[in-house]
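Keep the viewer open and follow along.

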Amino acid sequence: MSRTISYREALRDAHFQALSEDPRVFLVGEDVNCYGGTYAVSKGLADHFGADRVIDAPLSESGFVGAGIGAAMGGLRPIVEVMTVNFSLLALDQIVNAAATLRHMSGGQISVPLVIRMAMGAGRQLAAQHSHSLEGWYAHVPGLRVIAPATVADARGMLLTALADPDPVIIFEHVGLLALTDELPENAGAVEIDKAAVRREGSDVSLITWGGNLPKALEAAKQLEAASISAEVLDLRTLRPLDDAAIVATVSKTHRAVVIDEMWKTGSFAAEVCTRIVEQAFFELDAPLRRVCSAEVPIPYARHMELAALPSVARIVQAATEITRHE
Amino acid sequence: MSDFNMPSLGADMDEGEILAWKVKPGDSVRKGDVLLEVDTSKAAFDVEADHDGVVEEILVEPGHKVPVGTPIARIRQTGEAPAESKPVPAPEKAKAPQAPVKVAAPKSAGQAPHLRITPLARVVAKDLGVDPAKIERGSGIDGAITRADVERAAARHEEPHVVKAPPPPSGADKSKREGLRDAIAAAMSRSKREIPHYYLSQTIDLDPALNWLEKLNAGRPITERILSPVLLLKAVAHAIWEVPELNGYWIDGALNQSESVHLGVAISLHSGVIAPAIHDADDKSLEQLMAALADLVQRARHGTLKPAEMTDSTITVTNLGDRGPEAVYGVIYPPQVALVGFGAIAPRAMVIDGQLVARRSVIATLSADHRASDGHRGGLFLRAIARLLEHPESL
């Protein structure tokens, strides 16, 4: 049996399963209880699990992320929802200086089995302060695992595997994906969070991306096919640790790559991916690498300007065509 | 003053490594003097001066590998005025397509201007033996040479820059492949790709020839004895007079028949087989042929063959010897148009004058290029060899 559900519902189902199966699990964040979550991911959970396990936090990211770290150190399995990655900057010290380092600083005596979920990304006219893509910043930090579910199945399954991790895991949920729907089997559950996934096979060029830009990459691949360019789409899924083998494999197959990343190009995570390609698969390259990233501007509010600033299907198609065409 | 360039020591050579200089600046050289030793993918060769003169300058030091045509020394012709105290490099460079390597210059200085080529294309070019510098224009972004360009160049196998065969489909360990192996692979692949072979065979009664030879050798010291392969070579050389279209090269869609008979003799080495030439084999006595063969085999094993010996063969003979198989159907060494094979000499049942008798015999085969000759003529050639061997005293 299978049913069609949304990415948002898949996240909610995952929370429901986690809260049901493990009494140590609780959810804390702004507006997660009464309001059902800013993005309605936790809608209905409070009725079922009560205010002790679905906890509304005050507007203090540093405070409630720190509380989550303490609870994790004390043996619980907290899920901390940070409304968006923009606000997580207020909790950077807790995440980078505490969560990521305590195992190391305690000589392995203390682990922080914490899951932090953050909405992220642009495209919904939320303007320059609510549209960031900063997953590369977190992927920079040893001690964290950084994952980015891009499909309904991963939204359903990644949280459960993240909760089983003895170390802190950051989950980036792109707001553009929440309404995405897909058919899932009734018994859908945990999925592995170590490997990248080829979402579409191709032979001429690799479109490498993750999270919110996967649907754009898949649509671009479809359009490229119409132009007789066979594009392979690789969903990285986990940004740290990065699945180098999958990246090398796809580049070794197609010999060309476009990396699509909603971060600004300078210092983007795409830069890291490109560097790994050059380091590990240089002699497989038959064309320069290309990056499709966000324009180097604060994300605009105006719809047309916002769209112009973000990676688009058209820009992906153009980049892929440029490096694949033969005169 | 003229540049002395890296010579082409074979149709499939595109670069050579300088092993040692036998001359130094200031030395007078005469045409034919050995100037230097060059290592190709096949063997080490002595390279001779092509005119009299004085060595002005050595441009490339031993240990460096440079493309064919790269100036490696400057030689002032006899009667020419010496160069100014130091050569003015600018005009010299301007006319040389590839900048000469100066003594003690880093190796990379010998490379042509930086090529716009993708990393993958460079790797594939190496595998396919394509010189990417000879690809006029890349089809990739900003004119870069891509893998597809290299593969297209390799597919135009008649182009001179294709010198090596494609790698085996198994992707065998490249590093283990030796130069000679590569060269054989390239030549044989080209042969089977381009040459429509036909094959003929004929069993030849050798009793008369061998009896004659034994009698001849009986009165001679061991060192002066003639071995049976020499008899076969001589027969081949004379048979060519009767069917000359088997002797020469197929070049640009036409047969270039050769006036001279330079027999390429296949010699097996540890690393593969080479077929250096015995020049004017048809004009040599059996004694001269015997000496030439012994000398060739010895120098082949020592790697001291002369370039001309590697490039001049007009037809090749392969003799697999008395411990070899019954017969060999060889692959023509392009651009030659024929290859003669001899299997083991052994007693075989033959019908002679209506009687079944055991005679020492050999199976002679001909692999020939059907563009250059037809089976009828090839058959005449094999029969001529048989007839000549019936009357060895005339050889």
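## The four-stranded sheet in chain B

In chain B, four strands line up as β5-β4-β2-β7 in an open sheet with antiparallel pairing. Helices and strands here are DSSP runs (H or I over at least four residues for helices, E over at least two for strands), numbered from the N terminus, and two strands pair if DSSP finds at least two bridges between them. The edges are taken by β5 (44–48) and β7 (65–67) of chain B, each pairing on one side only. Neighbouring strands in this sheet are turned by 40° against each other on average, direction ignored. For angles, axes are lines fitted to C-alpha atoms, for helices over the stretch in contact, and values run from 0 to 180 degrees between N-to-C directions.

Look at β4 (residues 34–39) of chain B: five bridges join β4(B) to β5(B), and the two run antiparallel.

## Ground rules

This is a predicted model, where local features need pLDDT of at least 70 and side-chain atom pairs count only at pLDDT 80 or more, while totals for chains, interfaces and linings use all residues. Residues are numbered from 1 along each chain as its sequence is written, and chains are lettered from A and ligands numbered from 1 in the order in which they are written.

## The seven-stranded sheet in chain A

Chain A has an open sheet of seven strands, in the order β3-β2-β4-β5-β7-β6-β12, and its pairing is mixed. The edge strands are β3 (54–56) and β12 of chain A, each with pairing on one side only. From one strand to the next, the twist averages 20°.

Inside that order, β6 (residues 145–147) and β7 (residues 169–174) of chain A run parallel, joined by three bridges. A:Val146 has A:Ile170 as its bridge partner in β7(A). Helix α3 (residues 61–73) of chain A lies across β2 (25–29), β4 (77–84) and β5 (115–120) of chain A, running at about 165° to β4(A).

## A covered strand: β10 of chain A

β10(A) is mostly covered, with five of its five residues buried. Buried means 20 or more other C-beta atoms within 10 Å of the residue's own, exposed means 12 or fewer, and partly exposed is in between, with C-beta atoms placed from the backbone. A:Val205, A:Leu207 and A:Thr209 point one way from β10(A), A:Ser206 and A:Ile208 point the other way, and all are buried.

β10(A) pairs with β11 (residues 231–235) of chain A in the parallel sense, over five bridges. In β11(A), A:Asp235 is the bridge partner of A:Thr209.

## Helix α11 of chain A

How far apart are the end C-alpha atoms of α11(A)? They sit 18 Å apart, which agrees with the 18 Å that 13 residues (269–281) should span at 1.5 Å a residue; the expected span is 1.5 Å times one less than the number of residues. Its buried residues are A:Phe269, A:Ala270, A:Val273, A:Cys274, A:Ile277 and A:Ala281. They cover an arc of only 145° around the axis, so they fall on the same side of α11(A); the arc is that of the directions from the helix axis to the C-beta atoms.

On the face turned away from that buried side you'll find the exposed residues A:Thr275 and A:Glu279. The cover over the buried residues of α11(A) includes α7 (135–139), β10 (205–209), β12 (238–240), α10 (244–254), β13 (257–264) and β14 (290–294) of chain A. Contact means that two residues have their C-beta atoms, placed from the backbone, within 7 Å.

## Helix α6 of chain B

The 15 residues of α6 (residues 228–242) of chain B should span 21 Å at 1.5 Å a residue, and the end C-alpha atoms are 22 Å apart, which agrees. α6(B) is mostly covered, as eleven of its 15 residues are buried. Among them are B:Val230, B:Leu231, B:Lys234 and B:Ile240.

What lies over those buried residues includes α5 (207–218), β12 (263–265), α7 (286–302), β16 (315–319), β17 (338–342) and α9 (375–390) of chain B.

## Where the chains meet, and the totals

The contact takes twelve residues from chain A and eleven residues from chain B. On the chain A side, the residues divide into six nonpolar, two polar and four charged. Here Ala, Val, Leu, Ile, Met, Phe, Trp, Tyr, Cys and Pro count as nonpolar, Asp, Glu, Lys and Arg as charged, and the others, Gly among them, as polar.

Chain A has 13 helices and 14 strands, and 53% of its 327 residues count as buried. Chain B has nine helices and 19 strands, with 37% of its 395 residues counted as buried.
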